[in-house]
Each structure stands twice: as structure tokens, then as C-alpha cells.
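Reader: I have a model open and want to learn how to read it. Can we go through it feature by feature?

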Amino acid sequence: MVSVGSLELDAVRKEFADTVALDGVSLDIAEGEFFTLVGPSGCGKTTTLRTIAGLETPTSGSVRFDGVDVSGVPTEERDVGIVFQNYALFPHMSVRENVAYGLNFVEPPDGKSTDERVTELLDLVDLSGMGDREPDQLSGGQQQRVALARALAPAPDVLLLDEPMSALDARLRETLRRQVKRIQAELDVTTVYVTHDQEEALAISDRLAVMHDGRVEQVGTPREVYERPATEFVAAFVGENNLFRGEAVGTRDDGTTTVAVDGTEFRVADGDLAAGDLTFCVRPEDLTVDADTNRFEVTVDTVEFLGETTRYYVDWGEKSIVFRTPDPHDAERLTLGFDPGDARVL
Amino acid sequence: MRLARVAERVGAPALGVVTLGLLGVMFVYPVAIVLVESVQVPGGYSLAPITAILTDEFYFGVFAQALSDPAVLVRSFPDYRLGLFGFTVYQAILSTIAAVLLGLPGAYVLARFEFPGRRTVRSLTALPFVMPSIMVAIGFVATFGRNGVLNTVLRSLGLPTVELLFTLKIIVLAHAFYDAPLIARITAAAWEGVDAEMTETARSLGASPLRAFRDVIVPQLLPAVLTGALLTFIFSFMSFAIVLALGGLSLATVEVWVYDRVNQLDYQTATALAVLEMLFSLALTYAYLRYEARQRATSAARPAERVDLFGAVSKRRLFAWGYAVVALVVFVGPMASMVLASVTGSEGLTLRNYQFLLDRQADAYDFQVKPLTAVVNSLLFGGGTLLLAVPMGVFLAVVSTRNFRGRKLIDTLAMAPFAVSGVVVGLGLLRGFVFGTEAFGYRFTIAGPIAIVAAHAVGAYPFVTRNVAPALAGIDDSLVESARSLGASRVRVMLDVELPLVVPAILAGTAFAFAISIGEFDSTVILASGGTSYTMPVAIERFIGRRLGPATAMGVVLLVVTGVSFVIIDRLGEGSGFGG
Amino acid sequence: MDRRRFVKAVGAGVAGLAAGCSAEPTEDGSTETTDDATDSPTQSGTAEGTVTGTMSGQTPVLRVGTYSSYVDAPSTSPGPWLKEQFEAEYDAELQWFAPEGNMDYFLQRRQQNVTIDTDLFLGLTPENLVKADRETGEGDSLFTSVDTGDLSNESHVVDDYRFDPQDRAIPVGASYISLVYNQNLLDERGIGGPETFDDLTSEPYEDGLLVPNPQNSETGLEFLFWTVDQFGEDGYLDYWSDLMDNGTQVLKDWGTAYDAYSNGEAPMVVSFSTDQVYADRYDQDMAEHQIAFPNGQGYAYLEGAAPFTGTDKLDLATEFIDFVLQPEMQAEIAERNVGLPSVDNATLPDDYYDFVHEPDEIVSFGYDELMGNVEPWLNDWSQQIASQ
């Protein structure tokens with residue numbers, strides 16, 4: 001077996017019959033890292049995961065575990081653990097048998113017996129005493145944890161999670177998310193996590209890759225990706241955002257650039273006059289009522305009370321804008337504005 | 001651990017070699033040495049014998065005429081002369097329709113109702129399959145004849161009687177008797193897998209129950225129904241004994257002619273006809289498999305609750321009860337008539353026929369047939385057949401779910417034992433095995449139990465394959481992928497995950513494979529010729545005389561023995577926890 | 001049993017079965033044969049230790065091929081009795097061999113150049129002899145001639161029954177094809193039994209006749225010959241056309257036709273003139289087992305015994321035929337086979353002829369009339385009946 005901690009994808013391309021699923025994906029995932037692939041459905045994130053697992057063979061490019069090319073190494077010899085979206089528990093085996101299954105093929109770590117290892121893992125996922133249940137007697141969340149325990153039992157070097165939370169309700173997802181993160185940290189296992197939920201991706205990852213149309217748009221820590229989206233797609237996909245397309249028309253003494261958007265001029269901090277047409281984005285929380293700069297008048301369309309904050313969907317001319325504020329406003333028309341430093345030019 | 005790995009590595013290829021070897025020896029070789037005569041002419045090979053048939057009006061009717069004079073298709077429309085082939089296809093289509101019409105409600109009752117003995121009834125659905133054609137003919141005459149049970153009942157009720165014997169209708173009905181249970185059983189399994197939520201969703205969207213059935217359930221049942229329909233069509237297409245016994249020579253099929261030509265030692269025509277039959281059946285199979293490949297769907301989460309068959313009158317209960325009456329007449333009737341015939345004589349009720357069996361058992365000479373030997377042989381051969389046919393069938397099912405070029409062709413050829421004329425197979429076995437094959441200065445003969453079991457296995461494994469292949473294809477890929485990611489080899493995944501999940505399908509195939517073995521007559525009688533390897537159907541044939549009593553008593557023995565066997569096979573499956 | 005174990009149990013079960021294969025040297029003409037190498041493929045195993053070798057000093061074995069009901073019928077069959085009698089008289093063992101396909105089995109072996117180590121065939125019909133000669137070709141034969149000088153009772157063979165000019169097949173039994181009718185059913189129509197062939201195509205007898213398929217049944221085939229005799233080669237097809245128009249049914253074989261007849265599906269069936277013997281034996285209503293000889297004729301159903309070419313026991317085979325032709329044997333075989341003796345000096349019980357009817361006129365095609373004709377007659381007829 002190939003022992004791995006770090007893994008690399010180098011210009012991986014995957015073509016199916018008439019579509020290109022992966023178009024030159026390169027990633028570098030460090031040992032012990034919690035790495036997330038996030039993107040809308042069809043972006044190639046699951047194909048990437050399956051390529052790492054050896055369930056798909058790349059059309060070109062290579063996958064390296066600890067620097068060693070694993071092309072041609074079948075899944076069963078790759079030392080990976082997978083949790084699928086539907087958990088894929090073996091319906092004809094008890095919980096215990098499910099968790100123990102991988103131990104048929106490798107010795108349990110640390111000289112433990114299979115029984116001890118299974119008990120240990122059931123404890124780890126808080127399912128002590130559930131070993132004799134059948135999978136169909138478990139709730140979704142429990143099934144998910146069995147799948148996790150099963151994947152972890154042989155102590156894989158890489159844990160692959162394919163949308164493991166998507167079938168669960170919101171509150172359970174958050175609990176489980178924390179549990180997964182805790183277990184991952186505890187075991188220090190390199191983890192690749194696939195999700196379409198950017199919020200989850202931001203919350204759980206050490207680093208993440210935003211994927212779109214078979215390509216990696218941006219790789220970075222959650223903060224980097226959130227605060228410095230590299231592309232329009234990332235800006236729009238990760239967190240809520242307001243995109244403004246316009247033309248750089250001048251530069252001010254304070255270093256800001258003036259951008260004309262549909263006849264209104266805005267000042268943004270890091271613009272470049274030479275760019276001509278440019279797009280910048282402003283996060284909903286950076287838009288404020290009665291700001292000093294970059295003011296524009298909007299009409300309120302929908303208001304959502306979220307508890308801590310309130311979200312407003314407002315119309316600015318033809319354009320729909322979203323902003324969040326802790327302070328509620330009753331007016332039908334508001335004047336919004338933002339600090340030039342909060343505008344991110346893409 | 002190491003040894004186990006080696007065994008795993010070697011196991012699958014070994015099974016493949018054994019399967020292909022058996023098929024080669026027990027099927028391809030004997031069939032090929034006979035079929036080659038269809039193209040053998042003095043001094044070489046030629047397609048002339050086959051084209052001669054294609055252009056002969058007797059065989060192809062208006063279609064043969066049309067080869068030289070296409071206008072005839074317009075001129076004589078719609079009053080076509082069908083020819084032997086045309087008529088054979090026509091009756092097979094009617095038989096298939098009848099079997100589907102009789103089988104579908106059966107599937108509905110089996111899948112959606114609960115009633116005492118339901119599992120036993122399901123187990124026994126394979127019974128018609130084991131009935132030798134002689135018994136079906138006897139049972140049908142006794143049930144549907146001019147003075148049969150049905151007409152006697154109708155007469156006593158003051159209703160008009162029906163004339164069915166010696167008509168196309170009775171042939172169609174007899175084919176349906178054989179194959180409707182097959183359709184019912186395959187379809188019931190699919191029906192049990194239909195998720196209740198789907199119907200409920202359709203209903204919530206405003207669909208009437210019937211509409212929901214049509215839009216939601218039917219599409220999901222279609223692959224199963226069509227599997228059954230395909231098998232029914234092929235079996236009816238190749239039908240011979242039933243046609244001649246109940247319909248008469250005026251309603252002859254192609255297979256009747258194959259048999260006749262062989263009897264007249266005109267092997268060229270016989271084999272040319274058999275080749276055409278085979279090509280037709282295989283083409284149909286290929287077309288079906290292309291369709292099936294597109295249909296494979298995963299099975300459902302929550303099947304609908306069963307309805308108690310007994311309870312307040314409702315539309316669906318009335319339907320189920322009505323069907324039960326029809327089933328009683330069509331399926332139980334012929335078998336019950338046989339039971340009745342076995343205990344009646346000119347003096348009224350009698351056990352004389354069973355006494356005959358006992359006497360035979362006690363007094364028969366070595367060269368005569370003993371009932372108990374026949375029973376034991378049948379069971380042994382049936383068991384032996386399973387030992388061969390189940391692994392073979394499962395192996396070919398596994399092969400058919402792998403993706404590779406030419407897969408469908410292999411899939412189609414795996415069905416060949418159904419597509420080749422039974423008469424030709426028998427002739428091949430006679431020449432290749434009983435007479436033996438010369439090689440290295442020796443003449444090798446294969447006969448007796450080993451040859452019979454192998455021949456039965458070849459005739460039975462396609463049932464296992466056709467049952468298991470769709471079930472395997474329906475397994476969620478992620479189960480397989482999970483197991484592999486946990487370190488299981490492809491073979492281990494198959495043994496640990498996939499096969500256990502398709503046990504119900506394997507069991508269904510097993511039951512039918514067993515039934516095929518028990519009921520097989522044509523090859524058995526050739527391979528057992530003159531020896532002590534005779535089976536129950538052979539004994540039945542031997543016991544036919546001026547009075548049918550002894551034969552019907554043996555027929556009842558056959559029904560009881562196989563009925564009990566079916567129940568045991570199914571109970572074994574239920575014991576495994578996944579029987580339903 | 002859990003499912004995994006079930007699957008493994010089934011999967012692991014490709015176990016060895018009892019052997020049934022054998023190999024035999026083919027190059028020399030050795031007469032030494034092992035048990036398995038005889039043309040009875042499955043005689044080995046459970047056969048009760050019978051030694052079938054032919055080494056000197058051992059009881060010689062005479063293998064006699066026949067049809068299965070001759071040795072194993074549910075009622076009575078002469079086979080077992082004949083074996084006992086023969087073995088008591090001669091220092092020889094008689095081994096019956098009744099393969100599926102009867103004579104065709106041996107003919108097929110011959111066609112495939114496989115040795116036949118059965119010594120003679122009993123139950124050979126004229127049409128089968130003709131068929132065998134047709135297939136083996138000029139100057140060759142499946143059967144070999146018997147020196148009739150060695151048959152002490154040969155001169156008493158009924159002349160009408162002799163069918164082989166070359167004396168290969170010696171008649172050893174006879175019977176008559178006739179119509180069997182159910183007077184109870186005919187009473188409903190207000191008519192009596194048919195007296196002529198034309199009756200069968202007339203309105204009162206509509207839907208009245210069941211015929212075993214001549215393609216599969218000797219009975220049916222000989223009935224077909226009878227109609228050829230009656231209406232000529234040029235007329236029999238027209239007659240059949242009338243028969244079929246009148247609702248005649250041609251069914252699979254004699255058993256199927258007789259079963260349908262017994263169930264009252266039709267008042268008449270083509271069968272044998274010995275039918276009442278059985279009816280008497282089983283206390284059946286004699287009105288349902290009436291015999292009719294249309295035009296006063298019956299077609300002679302003949303059975304011969306003929307040694308196979310290449311038998312190394314022609315003398316023993318001849319002795320066997322001689323034995324079978326003895327008047328006492330003929331009488332007993334006739335009773336047990338429910339037929340007629342082939343010799344005129346066999347004495348049957350007086351009441352035997354109460355139930356075995358004989359026609360005024362015997363119809364039967366001899367070898368020369370059948371040779372070259374059976375196939376075209378049957379083929380033309382079959383195509384006419386089955387044309388759709």
C-alpha cells in the first residue's frame with residue numbers, strides 16, 4: 001500500500017463521452033490538512049474526489065500521493081477512506097460489521113484487535129452500543145457517522161467526504177460539521193471534503209478550492225477566498241455579494257479610482273484606471289445606510305429578519321442589491337453607501 | 001490471508017474458464033456439429049439450403065412470394081398467407097399477450113396483497129414450469145375439453161359451453177399456463193421494489209389511482225414485464241409438443257417441422273430451419289438487451305404496504321378475487337384434473353394407480369423404470385443442476401454488468417440455450433455424447449448423470465442470469481466503491497456486498513433453474529436411454545398406456561415432490577433474511 | 001444461514017459428480033467391450049453387477065434392441081417374460097435395450113460410423129426397414145439376412161405378413177390398424193359405426209375422427225398408407241382434404257389422440273383392432289371401444305426381428321428368432337403384447353378372439369411398394385395439412 005499524507009493533482013483532465021469534466025485541475029494538499037472542494041453541481045468537484053480515490057482514471061495529468069504517481073493503483077490499494085452522500089452502508093451488515101469491513105484487508109492500527117478498533121471508532125462517533133443495529137434502524141445522522149467510522153477504521157491516510165451532510169437537516173448538519181472537524185483534527189488525517197455549500201466550506205476548511213466548469217477558480221484559506229475573491233465567479237459564489245460592472249473613468253488624490261456604473265460614479269480603493277472596464281464587489285454587510293461615501297438611493301423589495309441581523313433585498317434601477325444590517329429600517333426608500341476600502345475589484 | 005488472496009485472484013478466472021468450458025462442451029460443441037449440416041453441401045459449404053427455405057412459400061408464405069414479387073404484399077393485403085414461420089411468430093405473439101395479461105394481475109396480487117399462504121403460493125408459481133408437456137396436454141384435455149371440468153361446470157350452471165380443444169386458443173392458453181407464472185413472479189419482484197412515495201407523489205399531484213399506476217408504476221415494471229414477455233415469446237416460438245398435442249398438425253409450428261425433418265433423417269432442412277429459428281430468437285434477445293441496458297434503475301426505499309386480501313369489498317379486492325377465480329381455472333384446473341384422474345378409475349375413486357407405482361417399485365426388472373429411482377434421480381439432477389447453473393448464471397450476470405466492448409453480444413449469446421431448437425440440442429447430445437467423439441484414437445462418450453446434469457445446467461443457467469443481471473445492475477455504485485475504498489478487491493466486493501444483495505434474484509433464478517431441470521424431458525430421455533438415469537418426466541412418459549392412470553399418479557408425485565422442493569428453496573432464502 | 005454464507009455455499013458447490021464418461025480405443029476390431037462402451041450409454045453403475053463381456057467361458061450375451069413398451073409398458077409387456085423363457089432354454093443372457101428413437105437410434109449410429117454392438121432389433125416395421133435401406137444406400141444394409149432354413153417354424157409365418165424379400169426382417173408379431181369408436185357418442189348423433197372411408201368425410205361423422213400424426217406415429221403413418229392404398233397416389237390427398245374439412249384432427253402421437261378420444265373429444269380414433277382386450281381387462285364400457293374396419297379392411301401392423309449387420313452372434317440371434325417364432329411363444333407374446341401371432345399354428349385361448357377383431361380384407365404395403373414412396377407420400381401430405 002502507498003502510505004500518504006500529502007497529495008497532489010497535476011493538470012488532471014477528465015473527459016467523459018462528450019463532456020469535459022475536469023479541465024486541467026492542479027491542487028496541492030498538505031498532510032493533515034482539511035481541504036474542501038466547493039462549487040455548484042456539475043463543477044467537477046466530485047469527479048476530482050473520485051479521481052483522487054482512483055474511482056475515475058484521468059484522461060491526462062497525474063495524481064501523486066506523497067510525491068508518488070498513483071496512476072494505475074486501484075482504489076483498494078490507495079489507502080483512502082470514503083464517505084458518500086448516501087453513506088452507502090452495506091444494508092445486509094450490522095453497524096459493527098460495516099465498521100469492521102475494512103479491517104478484513106488491513107491489520108487494525110496500534111496492534112488493536114478488530115473488535116477493539118470498531119468499539120473505539122463507534123465511541124469516536126458517539127455511537128457506542130449501537131453496533132448490533134441494522135443500518136435501516138438508524139437515523140440519517142447516525143448512518144452518516146457509521147459511514148465515517150467505517151471509512152476511518154482502517155486508519156486511512158486520506159479521508160474523502162463526498163457531500164456527506166447534504167441529506168441532513170440544517171441543525172444536524174452544524175452539529176455533525178463540528179464533530180467531523182473535531183475528529184479530523186484529533187486524527188490529523190488529510191481530508192478532502194466535497195460540498196456545494198459555500199457556507200459549510202468556509203466553516204470547516206483549512207483551505208478550499210472553488211471549482212467551476214471543471215476548473216479551479218481559486219485556492220486559499222476561507223478568509224482569503226471570502227475577502228479576496230479572485231474571480232467574478234468566486235465573488236458571487238462564496239458568500240453573498242453585490243457585483244458592480246462599470247468603467248474606470250479617473251483617479252483621485254487619495255488613491256481611489258472612480259468607476260462609472262450605469263451613470264453613477266463610485267470610488268473604489270484598489271482600482272486601476274488602465275483597466276478600463278472593471279467589476280468590483282461589495283459584501284452585503286459592508287453596505288450601510290447613511291454612509292459617507294459612494295451613496296446611492298434604492299427601493300426596498302423584500303426584508304428578511306434573521307435574528308441578529310436583517311437582510312434587505314433592494315432595487316437600484318434595474319439591479320437587485322442585497323445588504324445586511326443589525327439595525328432595522330422601516331423606510332421604503334433608503335440611501336446606501338460603502339467605504340471605498342470595502343469594495344473589492346476583481 | 002495470503003492464500004485467500006490467491007484463491008480470490010484465481011477464483012474468478014477459474015469460474016470463467018469452467019463456465020465457458022461447460023458451455024463449449026455441453027452446448028456449443030454438440031449444437032455446432034449438428035447445425036453445420038445446414039450449410040454443408042457436397043464439396044463445400046453454401047447458404048443455399050437456408051435461402052431455399054427463405055424463398056419457400058410453405059415456410060415463409062407471402063414473405064417468400066414477396067422476394068420475387070413485392071407487389072403481392074399490396075395485392076393480397078390483408079389476407080396474407082403466413083407460412084410456417086409467419087404462423088409460428090403469430091401464435092407466439094398471441095401467447096405472449098395472453099401470458100402477460102394473465103401474469104400481470106398475478107404479479108399485482110402477489111406484490112400488493114397479504115393473505116395466508118402468500119409465500120407458499122409464490123413458491124408454487126414455478127410449478128407449471130416443471131410439468132412435462134404430456135402432463136399439460138392431459139391436464140388441459142381434462143379441464144378444457146368438450147367434457148372437461150370447465151364445460152361440465154358451465155353446463156351444470158346452464159351456461160353455454162366452450163369449444164377450445166384443437167384451436168389456436170387452447171395453444172395460446174397452454175403457453176400462457178407455462179409462462180404467465182414466470183411473468184407474474186419476475187414482475188412481482190419488481191413491484192415489491194416500487195417506492196410507495198412515488199405513487200403517493202403522483203396521487204398528490206392529482207392523478208387517479210389508475211393514472212398513477214400507468215404513469216408511475218408501469219414504467220418501473222416494464223423491464224421486468226418485458227423480460228418475462230421475451231422469454232414467453234421465445235418459448236412459445238420454439239413450442240412443439242403442446243402445439244401438436246392440443247392443436248394438431250394443422251396448427252404446426254417451425255419446431256414441429258424441425259422434429260419431422262429429423263425423423264425423416266433430412267438433417268439439412270431440419271438444421272437450416274433451426275438456424276433460422278435461432279437467428280430470429282437471438283436477434284430478438286439482442287434487441288431486448290439493448291432496451292434493458294437503458295432501463296436499469298436502482299431499487300426503492302420503501303415499498304407500499306400490502307393490502308389484506310380478505311376484508312370489506314373494494315374495487316381492488318374484487319379485482320384480486322376475480323383474478324383468483326381465473327387463476328384457479330387456468331393454473332390449478334389442469335393440475336387438479338390430473339390429481340383427480342390419478343384417483344379415479346372405471347370403478348370410481350381408487351388408489352389403484354398409486355398401488356401400481358408401489359408394485360412397480362417392488363417388482364420392476366433392471367431394464368424397467370422404477371418410480372422411486374425416478375424421484376431420487378430427478379432430485380439429484382436438480383440439485384446438481386443448481387450447483388452448476390447458479391454459479392454459471394451468476395458469473396455471466398456479473399460479466400453482463402461490466403462495461404466492455406461486445407458485452408451485449410456475449411449477453412445475447414448467453415441466452416443461446418433458449419434460442420436453439422430443443423430437437424437440435426437433443427440430436428447434438430446424441431451424436432456428440434452418446435455416440436461419442438473420436439480423438440487421439442479413442443472414442444469418448446459422456447452419458448448418464450454427469451451428462452444429464454450438464455445438459456440441464458446449460459438449459460437452466462440463463463434463468464439465473466436474466467434474474468440476477470438486472471438486480472446486480474440495480475445496486476448502488478457507491479456501495480461497491482465504498483467497499484473498494486476500504487481495501488476490498490473486485491472479487492471480494494462481489495462476494496461480500498453485491499451477491500448478498502441480490503440473493504432474492506438468485507433465489508428466483510434458482511427456483512426456475514430447478515424447475516427446468518425437473519421438467520426437462522427431451523435431452524434427458526436421450527442421455528438416459530437404456531440406463532438407470534431416468535427422471536420423473538421419463539417415468540411419466542413410460543407409464544402412459546391405454547389408461548392414463550399410472551402416468552397421472554406419477555405426475556402427481558412429480559408435482560408434490562417439486563412443490564415441496566420449491567417451498568424449501570424459498571424458505572432457505574427467507575431464512576437468509578432477504579427472501580421477500 | 002446468512003446471505004453471504006448462502007451465496008458462498010452455492011458458489012462453492014461446483015463439486016464432482018458421479019463419473020459418466022468413458023473412452024474406448026477405436027482402431028482395432030476387438031470384440032472385447034467394457035460395460036460403458038456398449039451402445040447402451042448408462043448401463044454401468046447401478047446395473048446389478050451383470051458382466052457383459054464376451055470372453056470365452058462366460059455366458060454369451062445377446063443384446064436385443066426394441067421399443068420401450070415391449071419391455072416396459074404400464075400394463076403387460078412380453079419383454080421380461082421372454083427374457084426368462086429364453087434364458088431358461090439357452091445358455092445365454094438376453095439383454096434388452098430400448099433406446100429413445102427405437103430403430104432410428106441404431107440407424108443414426110450407423111450414419112455416424114459408430115459401432116453398433118446390439119445384435120438384433122425386435123419390432124421392426126416395414127416402413128422402418130425401408131427407411132434404413134434408403135439411408136444406408138445400395139448394396140449396404142443396417143440389417144443382415146437370416147438363414148430361414150435355421151428357423152424351424154418359418155414355414156408357418158402368415159404370407160400376408162412377410163414384408164422383407166431379403167429375409168432380414170422375420171415377422172414376429174402383428175396387429176391391425178382400425179378405427180375405434182364410441183357408440184355412446186355416435187348414439188347422440190343417431191348413427192352407428194362408420195362402414196366406409198366415405199362415411200368419414202360425411203356430415204354425420206363431422207368432427208368425429210382423431211388421427212395420430214403420421215410424422216411421429218407408426219399408427220398414423222400406416223393409416224396414411226391405407227388411404228393411399230384406397231384412393232391411390234393421385235387421390236389420397238383429395239381424400240385427406242375432405243377429411244380435414246370434415247373436422248378431422250391430426251394429433252401429436254397415438255397416446256395424445258387416444259387420450260383425447262378417451263375424454264370424449266371425438267367419437268372415433270385411429271388405433272388398433274385389439275382395443276377391446278384392454279377395455280375388458282379394465283372393465284370399461286364396451287360401447288366406448290367398438291372396432292370399425294372401413295370398407296371391410298384393416299391395415300396390417302407388422303413387426304419383424306432382424307439381426308444387425310456386423311453382429312458377431314448371428315447364430316445366437318438366429319436361435320433367438322427361431323425361439324420367438326415357436327407357436328407357444330407366439331401365442332404367449334401375442335397375449336402379453338395384446339396383438340396377433342405372426343404364425344398360423346399358434347394356439348390362443350378361445351375367448352381371445354372375442355376381443356381381438358380381424359378384418360375381412362388385409363391391406364398392407366410390401367417392401368417394394370414402400371421403397372422410395374414413404375417420404376414423398378408423407379411430405380406431400382404433411383405440407384398439405386400444415387399449410388397456413
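**Reading the model**

Author: Start with helix α1 (residues 45–53) of chain A: nine of its nine residues are buried, so the helix is largely enclosed by the rest of the structure. Buried means that 20 or more other C-beta atoms lie within 10 Å of a residue's own; exposed means 12 or fewer, partly exposed is in between, and C-beta atoms are placed from the backbone. Helices (H or I, at least four residues) and strands (E, at least two) are DSSP runs, numbered from the N terminus.

Reader: What are the ground rules for this model?

Author: It is a predicted model: local features need pLDDT of at least 70, side-chain atom pairs count only at pLDDT 80 or more, and totals for chains, interfaces and linings use all residues. Residues are numbered from 1 along each chain as its sequence is written, while chains are lettered from A and ligands numbered from 1 in the order in which they are written.

Reader: Which residues of α1(A) are buried?

Author: First the general idea. An α-helix has 3.6 residues a turn, so residues three or four places apart point the same way. Now the case. The buried residues of α1(A) include K45(A), T48(A), L49(A) and I52(A). R50(A) is also among them. After α1(A) comes G54(A), with a positive phi near 90°.

Reader: What does L37(A) touch?

Author: Contact means that two C-beta atoms, placed from the backbone, lie within 7 Å. Leaving out residues up to four places away in sequence, L37(A) touches K45(A), T48(A), L49(A), V192(A), V194(A), A209(A) and M211(A). Of these, K45(A), T48(A) and L49(A) are buried residues of α1(A). L37(A) itself sits in strand β3 (residues 34–38) of chain A. It has 30 C-beta neighbours inside 10 Å, so L37(A) counts as buried.

Reader: How far apart are L37(A) and T195(A) in sequence and in space?

Author: They are 158 residues apart in sequence and 6.4 Å apart in space, C-alpha to C-alpha. Now take chain A as a whole. Among its contacts between residues at least 6 apart in sequence, 64% join residues at least 24 apart. Of its 346 residues, 42% count as buried. Chain A has eight helices and 20 strands. Its C-alpha atoms fill a box of roughly 70 × 45 × 35 Å, taken along the principal axes.

Reader: Now sheets. What is the order of the four-strand open sheet in chain A?

Author: Pairing first: two strands pair if DSSP finds at least two bridges between them. The order is β2-β1-β4-β5 (chain A), with antiparallel pairing. β2 (19–29) and β5 (68–69) of chain A are at the edges with a single partner strand each, so one side of each has no neighbour in the sheet. Further in, five bridges join β1 (residues 7–16) to β4 (residues 60–65) of chain A. There, D10(A) stands opposite S62(A) in β4(A).

Reader: And the sheet of five strands?

Author: In a regular strand the side chains alternate between the two faces of the sheet. This open sheet runs β13-β12-β11-β14-β20 (chain A), again with antiparallel pairing. Its edges are β13 (264–268) and β20 (344–345) of chain A; each has a single partner strand, so one side of each is left without a neighbour in the sheet. Four bridges join β11 (residues 242–251) to β12 (residues 257–261) of chain A, with T251(A) opposite T257(A) in β12(A). Five bridges pair β12(A) with β13(A), and T257(A) stands opposite V268(A) in β13(A).

Reader: Which residue takes a positive phi in the hairpin of β12(A) and β13(A)?

Author: D262(A), near 50°; the hairpin has two residues between the strands.

Reader: Where are the domains of chain A?

Author: Domain bounds come from an automatic or database domain assignment. For chain A it gives domain 1 (7–235) and domain 2 (241–345). Their C-alpha centres lie 38 Å apart. Four residues from domain 1 and five residues from domain 2 of chain A make the contact.

Reader: How many residues of chain A are in contact with chain B?

Author: 18 residues of chain A contact 16 residues of chain B. Strand β6 (residues 80–83) of chain A gives the most to chain A's side, with three residues.
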